[in-house]
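Notebook open, first look at a new structure. I'll jot down what I look up as I go.

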Amino acid sequence: MKTKAMRQTKTITDAFLLNTCIIGMYFKHHFDEDFPLSNKEVHMHPSTRLAAIGFAAFLMMPGAHAAPPADLGSITINYPAEVQYWFDKPASPTLVSSTPGAATLDFGAGLNKYNSVPLLGTQSFQLTAKPGYKITGFSYSSQLSGLLQDSEAPPGYSGQPGHATSVATAYLSVRGTDGKQLSLVGAKEENINGSGLLSFNTGLLDLPDTVSLSLEGNLFLQLGYGYYYNEFGDERKISSSGWLGAENSFLTIHTTALPVPEPSTWMMLLGGLLLPWVVSRRQRARAA
């Protein structure tokens with residue numbers, strides 16, 4: 001007969017194995033790699049094993065990691081189920097502010113230090129205006145910073161220096177639920193050596209209640225090589241250096257409250273509807 005201590009030990013062991021299996025299945029599914037313990041034979045109660053498989057399957061479902069719809073005051077925002085990235089990390093937009101006329105989201109920061117490798121961020125989501133409100137436009141801004149340093153000739157060498165260049169872009173596409181593009185706007189800044197601002201504004205738009213947005217940002221760095229020679233013809237190849245970063249990537253969604261008719265307006269409308277009926281009724285009474 002098992003003692004109480006033995007049963008408790010068995011419970012703890014099964015719990016450990018459960019977690020090991022879940023993590024192992026998750027790593028195998030998402031990274032195509034084996035977790036250190038997942039390829040070893042483990043023995044657990046059948047019900048525990050079934051729970052591990054079921055929970056791991058839940059984690060692997062596309063919607064298991066989806067961000068829930070967010071209430072932004074005058075609008076609601078729905079994110080897709082798949083994981084999206086903003087520059088070099090999984091996107092996790094945060095709400096900066098929300099007022100009756102505007103809601104601002106921060107998509108985070110990115111830093112590119114790699115030559116000729118674009119650092120790309122994309123965000124797609126759906127916006128729906130609440131009853132009594134209308135989406136009227138969008139504005140975007142991102143604080144840029146960077147350093148560009150051309151290569152320099154070493155002592156005793158001369159030649160053509162290598163140049164460092166950088167480009168930052170951002171684009172916003174707005175589409176209706178039928179896929180028709182309603183607006184496309186963007187901005188581009190080049191050769192950031194210090195600080196800069198990347199921004200755009202759609203202006204006033206006439207949009208339906210529900211629209212789909214696709215926001216794309218890109219940080220690109222090009223580090224050229226300089227070739228230098230000494231008096232003996234020896235060559236030295238030296239790279240330029242630099243980096244490009246973006247932070248406070250703010251997207252502001254502008255809204256307006258739809259006008260509500262005054263009581264006098266409703267009375268005039270009602271009177272306009274009743275007047276023909278009253279006139280027709282009097283004409284029939286006279287004819288009789």
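Before anything else, the cut-offs I need: buried means under 20% relative accessible area, exposed means over 50%, and partly exposed is in between. I also remind myself that this is a predicted model.

**Entry: Val117**

I started in the loop between E7 and E8, where Val117 is found. Is Val117 buried, exposed or partly exposed? I looked up its relative accessibility, 43%, so Val117 counts as partly exposed. Leaving out residues up to four places away in sequence, I found that Val117 touches Asn112, Leu219, Phe220 and Leu221. I also checked Val117 against Gln222: they are 105 residues apart in sequence, yet 8.3 Å apart in space, C-alpha to C-alpha.

**Entry: Ser142**

Next I went to strand E9 (residues 133-149), where Ser142 lies. Its relative accessibility is 1%, so I put Ser142 down as buried. What does Ser142 touch, not counting residues up to four places away in sequence? I listed Gly196, Leu197 and Leu198, then Ala246, Glu247, Asn248 and Ser249.

**Entry: aromatic pairs**

How many aromatic pairs does a search of the whole structure find? I got five. I wrote down two of them in detail.

One is Trp86 with Phe87: the ring centres are 4.9 Å apart and the planes are at 50 degrees, so I call this pair tilted. Both residues, Trp86 and Phe87, are buried.

Another is Phe107 with Phe125. Here I have centres 6.1 Å apart and planes at 20 degrees; planes under 30 degrees apart count as stacked, so this pair is stacked. I then checked where the two partners lie. Phe107 is in the loop between strand E6 (102-106) and strand E7 (110-112), while Phe125 is in strand E8 (residues 119-129), so the pair ties together parts that are 18 residues apart in sequence. Phe107 has 4% relative accessibility and counts as buried. Phe125 is buried too, with a relative accessible area of 4%.

Which residues do ring pairs link into a cluster? I noted Tyr79, Trp86, Phe87, Phe107 and Phe125.

**Entry: charges over rings**

Last, I looked at charged side chains and rings. The charged end of Arg236 sits over the ring of Tyr157, at 5.5 Å from the ring's centre. Lys237 lies over the face of Tyr225, and I have 4.3 Å to that ring centre.

Terms used: Residues are numbered from 1 along each chain as its sequence is written. This is a predicted model: local features need pLDDT of at least 70, side-chain atom pairs count only at pLDDT 80 or more; totals for chains, interfaces and linings use all residues. Side-chain values use heavy atoms; hydrogens and water are left out. Rings of Phe, Tyr and Trp (its six-membered ring) pair if their centres lie within 6.5 Å; planes under 30 degrees apart count as stacked, over 60 as edge-to-face and the rest as tilted. Buried means under 20% relative accessible area, exposed over 50%, partly exposed in between (1.4 Å probe, protein chains only). Helices (H or I, at least four residues) and strands (E, at least two) are DSSP runs, numbered from the N terminus. A charge sits over a ring if NZ of Lys or CZ of Arg is within 6 Å of the ring centre and within 35 degrees of the ring normal. Contact means heavy atoms within 4.5 Å.
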